[in-house]
Amino acid sequence: MADSDSACSKRWLPLEANPDVMNQFLWGLGVPPDEAECCDVYGLDEELLEMVPKPVFAVLFLYPLTPQSEEERIQENSKTKVQDPSSTVYFMKQTVGNACGTIGLLHAIGNITSQIKLTEESFLDRFFKSTASMDPMQRALFLENDREMEVAHSVAATAGETEASEDVNTHFICFTCADGQLYELDGRRSAPISHGASSPNNLLKDSAKVIQKMIEKNPDSINFNVIAISKRI
């Protein structure tokens, strides 16, 4: 799934919120299967969160785009400063329509390259080394022009259980922990959004609190999905 931002000139098919699809995608691009895997988060209460494999490196959240959510994003973007170039948070903008699933995964892996060992000279190893010193927009344009990633995304997007269509109205964001803070990473925003103090041990629970508040704003929708990226056990 992905967003329907009409401002994007290039559009991909959306990536399904399916851990199996995402795992094959990441493993094929250079994340060794024994380093990390995507898994479903079946609920946000403490008992269900305890079922998620630990440690959790990042959390992906799929939610519906609504007039209210879009208005909030526009208002918050007007107040948010562009990311400080010295920031240690790996962040990139989104310039390709329906690419938010892939960008969410790139945000997740890009912020744990010191915690997992990518396959040397794999796509992701080369991608993160090439974009390390770029600003968020330069990273977005690098991705937009990367034919290898476009093909890999297309293969993954058509591997899901639902028929792929460009006409979707949902969006992926990523939550990760960096420098003792919980960050929301959304390529349609100006910069990472801090949600306060956190730690790798509390990342999942702290993310769940933020996600719960977002769900409560749209109680009639069922178009939500939470996926954790964890150490494979």
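The lining of the largest pocket divides into 6 nonpolar, 5 polar and 7 charged residues, where Ala, Val, Leu, Ile, Met, Phe, Trp, Tyr, Cys and Pro count as nonpolar, Asp, Glu, Lys and Arg as charged, and the others, Gly among them, as polar. The model is predicted, so that local features need pLDDT of at least 70 and side-chain atom pairs pLDDT 80 or more, while totals for chains, interfaces and linings use all residues. Residues are numbered from 1 along each chain as its sequence is written, and side-chain values use heavy atoms, with hydrogens and water left out.

At least two lining residues each come from β3 (56-64), α3 (67-79), β7 (193-197) and α8 (203-216).

For the second largest pocket, the lining comprises 8 nonpolar, 6 polar and 4 charged residues. Here α6 (136-144) and β5 (170-178) each supply at least two residues.

Turning to a single side chain, His-107 sits in helix α4 (residues 100-110). With a relative accessibility of 1%, His-107 counts as buried (under 20% relative accessible area, with exposed over 50% and partly exposed in between; 1.4 Å probe, protein chains only). A polar atom of the His-107 side chain lies 2.9 Å from the backbone nitrogen of Met-92. Beyond neighbours within four places in sequence, His-107 is in contact (heavy atoms within 4.5 Å) with Tyr-90, Phe-91, Met-92, Cys-174, Leu-185, Asp-186 and Gly-187.

Key:
Helices (H or I, at least four residues) and strands (E, at least two) are DSSP runs, numbered from the N terminus. A polar contact is a pair of N or O atoms within 3.5 Å; within protein, one must be able to donate a hydrogen and the other to accept it, and residues adjacent in sequence count only if both atoms are side-chain atoms.
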